[in-house]
Structure formats: C-alpha cells, structure tokens
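My entries follow in the order I made them.

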Amino acid sequence: MQSFVAALAERVLGGQSPIVIGLDPRLDALPTSVAPGAEPAVRITAFYREALPAIARHAPAVKPNIAFFEQYGSAGYAAYETTCAEARRCGLLVVGDIKRGDIGSTAEAYAEGHFRLANAVTLHPYLGLDSAQPFLAHCRADKGRGVFVLVRTSNPGAKDFQDLPVGGEPLCDVVARAVTRWGQDLPQAHGYSPVGAVVGATWPQELARLRALLPHSWLLLPGVGAQGGKVADLAAAFDRHGLGALVNQSRGVMQCFQPGDRDWLDRVEQAAAAFATECRAVALGRSSRQDQQ
C-alpha cells in the first residue's frame, strides 16, 4: 500500500503542482444550473461530481472542510462521505479538514471513522501526544495515512495563544518541535514523515523559522487569496526538489464564477490551472535559487 506522503511526493515530482484545493461548499455560491430546487446536500454532491474531474487535471489533492457539510445534518455528512469517495475515484488524495483533538477511545473512534474517508486529516495538538497517538497509529507503513497538526494557524487571533512564550520561545515553536518528534519514528518518503503541520500563509515572516523546526514535515499552507496570503511569499516552505509544502486555496478556485455563469466549469478549471502554474513556479524557483548558491 502506497502511503499518503509517498503518493503526494511522487505526484509533485511527476509534474503536478504542490497545491490542494479546499472544498468549502456554500449554497449561495453554487451554480444555479446544478440540481436547481434540490436539497442542499444533493446540490453539493452534484456540484462536486462535475467539478472534481476538472480539479484532478491540475491538483494532486483536495481538502473538504467538514463543517460546511455538517451544517446540513445527516444528509450533509452523507454528502461529505460521497464527496470524499468521488474525489478518490477521480484519483485525488483527500485531506479531511476535520480539526479533531481528543483522547482515548474518543480519538480512536475519530481516527477509525475519518481515515475510512480520507488519506490524511487535520488535528488539534492542545491535548498533547496521547490525543494524537490513535491517529499516528494509522500513519504506520501498513496503513499509510497522514496528519497535519495545527502549528501556526492563518487567522489573526492565532497570536492569542500561539505567541505565548514557553521556555523562551513562542508556543507555536514548541508545538512544531513536538510535531517533528511525533513523526521521527514513522516511515518517511522522500525525506518526509507522515506527520505534517498546518502553517498559515498569512505569516510569511515566520515561515523560514518554522520550516527549520519542521525539517521532515509537509507543510499545509492555508490563507492564500481571501485571507491575504500570497503564493510568492511561500518559497521558504519548499525544498530543492519542490517538495515539502501544499499551498491551499478554496474560494479563489471553487468560487471564481457568478452563480448564473453558464461556463462556470470552464472558469473553475482555468482558475485551478492558473493557481497550479503559479505555485509550481514558486516551488521550482526555490529549487533554482538553491542550485545557484
């Protein structure tokens, strides 16, 4: 069984861009031509059934945010399951944006349930190692899953806790060191462990420091576009091979059209292609600069 980190690295080395497209469905932003008059969950799954094949031509992965599905109750959760399955059918890796963090049998249940649907998931670290252990067990070679632990989030309020000094360094740095430890005994692929980190693209001035603290972690970089992050500021996240980071964008691709646009699918594919080209240029530009040093 190929692991998540191996599959991701090989897709990027094979020419795909190091991007992940966020799936955050909003009813008021869906095309009016897709399942008009149907229940929300039906419209959402119909939208992604059309959009995901186009996304798969340009991105190695998608990141469905479970909150946007769960708000519609059991039908919404079923739509999340269907969307994850459809993405994998299209050959996309799935990063379940679930942000779980609990202990004991509760964490085990979360891990069992969500790794049925996704290749990797996002986690809160606040409860410590024992809250992550049930998920890390799925990152062993025989299961091949991955996790992205929240280290430096993209929102302005991140400073409320993540900047607090702990032993002379900010708390986010302490968490980054823990993420490195959590992944050190797990199988690596192309130099990276299956324990990645979420680092907001809105903090480019901190990126090089956190990259150094997370030498074997894939970085998931949210915050590009609507939150103000810029792809051009993210070169420090990548290694000389263009690996090590996934740049996320949601609205800039999946809401790049007006609901009434008849050519919405073409617009989505064009936006995905442009985003992929931009990110690949930054990743490979990093490689070129290192070769010149």
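**Entry: R152.** I started with the contacts of R152, leaving out residues up to four places away in sequence. R152 touches A158, K159, Q162, D163, C172, V198, V199, G200, W203, E206 and L210; contact means heavy atoms within 4.5 Å. I placed R152 in strand β5, residues 146-152. Helices (H or I, at least four residues) and strands (E, at least two) are DSSP runs, numbered from the N terminus. R152 counts as buried, because its relative accessibility is 0%. For burial I used a 1.4 Å probe on protein chains only: buried is under 20% relative accessible area, exposed is over 50%, and partly exposed is in between. Which side chain makes a polar contact with the side chain of R152? It is that of E206, at 2.9 Å. A polar contact here is a pair of N or O atoms within 3.5 Å; within protein, one must be able to donate a hydrogen and the other to accept it, and residues adjacent in sequence count only if both atoms are side-chain atoms.

**Entry: ground rules.** This is a predicted model, where local features need pLDDT of at least 70, side-chain atom pairs count only at pLDDT 80 or more, and totals for chains, interfaces and linings use all residues. Residues are numbered from 1 along each chain as its sequence is written, and side-chain values use heavy atoms, with hydrogens and water left out.

**Entry: confidence.** I checked pLDDT, the predictor's confidence in each residue, from 0 to 100. The protein chain averages 95, and 97% of the residues score at least 70. Over residues 287-293 the pLDDT is below 50. That stretch still has 9 contacts in the model beyond near neighbours in sequence. Where pLDDT is low, the predicted coordinates should not be read in detail.

**Entry: helix α8.** I counted 13 residues in α8. From first C-alpha to last, α8 reaches 19 Å, close to the expected 18 Å. The expected span is 1.5 Å times one less than the number of residues. The buried residues of α8 are C172, D173, V175, A176, A178, V179, W182 and G183. An α-helix has 3.6 residues a turn, so residues three or four places apart point the same way. What do the buried residues of α8 pack against? I found α6 (129-136), β5, α7 (159-162), β7 (169-170), β8 and α9 (207-213).

**Entry: cores.** A nonpolar core is a set of buried Ala, Val, Leu, Ile, Met, Phe, Trp, Tyr and Cys residues joined through side-chain atoms within 4.5 Å. The largest one has 77 residues. I21, I55, V147, L221 and M254 have the most contacts inside it. Another core lies apart from it, with 21 residues, among them A9, L150, W218 and L246. I then listed what M254 touches, not counting residues up to four places away in sequence: I21, G22, L23, F47, Y48, A51, I55 and V268.

Entry: A272 is in helix α11, residues 264-292. A272 counts as buried because its relative accessibility is 1%. With residues up to four places away in sequence not counted, A272 touches I19, I55, H58 and V253. A272 and A59 are 213 residues apart in sequence, yet 7.6 Å apart in space, C-alpha to C-alpha. Q249 lies in strand β10, residues 245-249. Is Q249 buried or exposed? Q249 is buried, at 12% relative accessible area. Neighbours within four places aside, Q249 is in contact with V20, I21, G22, V224, G225 and F275.

**Entry: D28.** D28 sits in the loop between β1 (19-23) and α2 (40-56). At 66% relative accessibility, D28 counts as exposed. D28 and Q258 are 230 residues apart in sequence and 9.7 Å apart in space, C-alpha to C-alpha.

**Entry: cysteines.** I counted 0 disulfides, a disulfide being a pair of cysteine sulfur atoms within 2.5 Å. C256 is in none; its nearest cysteine sulfur, that of C279, is 15 Å away. C256 is partly exposed at 26% relative accessibility, while C279 is buried at 1%.

**Entry: positive phi.** K99 is not a glycine, yet has a positive phi of about 45°. K99 is in strand β3, residues 93-100, and is partly exposed at 35%. H190, also not a glycine, has a positive phi of about 55°. H190 is in the loop between α8 (171-183) and β8 (195-199), and counts as partly exposed at 42% relative accessibility.
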